Amino acid sequence: MQAREEMIAETQKEIELLKEQELRDLERIASMTMEEAKNMLISNIEAEAKREATARLYEIEMELKEEADRKAREIVSLAIQRCASDEVASSTVTVVNLPSEEMKGRIIGREGRNIRTIEMLTGVDLIIDDTPEVVVLSSYDPIRREIARLSLEKLIQDGRIHPARIEEMVEKAQQEVESRIKEEGEKAIFEAKITRVHPEIVRALGRLIFRTSYGQNVLQHSREVSRLASMMASELGIDPTLAKRAGLLHDIGKALDYDAEGPHALLGAEFARKYNENETVVNAIASHHGEETPNSIEAVLVQAADAISAARPGARKETLEAYIKRIKRLEELAVSFEGVEKAYALQAGREIRVIVQPEKLDDLSSFELARELAKKIEDDLEYPGQIRVIVIRETRAVEYAR
């Protein structure tokens, strides 16, 4: 028995010696230590696991995106097809036509007293140049421009232009504009079929008829957002009342930002809270541009409806200079990534096509690049709607038959 145990022990010792010799031989052949080989194996396993995880993540994303896109298209299309509105383009000037060139002298008055009186009472600059039979009213405040336009048209029609008469006509024009503001606010509230709105909120809403953003009339935009948010809420099976109210009031801060400093979303939320609006509506106003976090479905729907109304073709206009800067910045962001060869902004900046170097990035890396670029664009750029990111990887094999 003892001899057998000694034989077993001797055999185990020989096995250990053979294993050690085998490891030394492997290290000599591979020119690596056991620790180095182990690290290489782990590294290869990690790389393979990462590739498999990226591939699986891509499959899951595609499945979720297809389902989400299908449902989103259904909801949005049902809302949009029922909603159409005429957009009013405006700028910082208003043109008043004159019956004759002689009227320019009468508007200016002796030593310029008439034009000075008009500018002082209305806060609007009158530009009288060589353009025949035209006076240009210039002011950043559209309500002031409207008062000046009405006053000037009344004076031209009356024919008596002197400081006292100017003062009388400006006062009448102010009353007319105030009356129209109230009517437009009440009309918007009535069309939306919402109730118990404070008179000051109604008045602020009415002032939006004279306000534009990128050429889009803000009151018309607010009506559109209200309808879209209401329709999407109905499609989701929730009560559309709050969504409709929040959509109509979401840009109320734009009626106030001439008189106060700060983002119009926060100004509007503070104004609505002051007049005891529902806290869900207040949060939807504050969060529709991301200044606060939305805490209700209605707030998210208002964000979506605002983006749809603003981004649809023809809704808004943008200055050429701002447009060129945005396009250039978009392309610069894309080419800043490693492995990117070229980048082209298309569809007025709504799409970016990125061509990558195939020897540096494989197919899975291209999907990862698209995701990282989209996140970078969201973090660094301000833009209406959404930007589609397309990454193209192309391998060309060229040979000549001689």
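Axes are lines fitted to C-alpha atoms, for helices over the stretch in contact, and angles run from 0 to 180 degrees between N-to-C directions. The model is predicted, so local features need pLDDT of at least 70 and side-chain atom pairs count only at pLDDT 80 or more, whereas totals for chains, interfaces and linings use all residues. Residues are numbered from 1 along each chain as its sequence is written, and side-chain values use heavy atoms, with hydrogens and water left out.

**Helix packing**
- Helix H6 (residues 163-192) packs against helix H7 (residues 199-207) at about 105°, their axes being 7 Å apart.
- H6 is therefore roughly perpendicular to H7 (angles of 65 to 115 degrees).
- Among the residues of H6 that meet H7 are Ile181, Ala188 and Ile189; the H7 side includes Val202 and Leu205 (contact: heavy atoms within 4.5 Å).

**Sheet**
- Strand E7 (residues 351-356) pairs with E8 in the parallel sense over six bridges, and Ile352 has Val389 in E8 as its bridge partner.

**Aromatic pair**
- The structure holds one aromatic pair (ring centres within 6.5 Å; for Trp, the six-membered ring).
- Phe271 and Tyr275 form this pair, edge-to-face at 5.1 Å centre to centre and 70° between the planes (edge-to-face: over 60 degrees).
- Both Phe271 and Tyr275 are buried (under 20% relative accessible area, 1.4 Å probe, protein chains only).

Key
Phe/Tyr/Trp six-rings, centres within 6.5 Å; stacked < 30°, edge-to-face > 60°. Buried < 20%, exposed > 50% of the residue type's maximum accessible area, 1.4 Å probe, protein only. Pairing = 2+ DSSP bridges. Helix = DSSP H or I, 4+ residues; strand = E, 2+ residues; numbered from the N terminus. Parallel < 35°, antiparallel > 145°, perpendicular 65-115°, else oblique.
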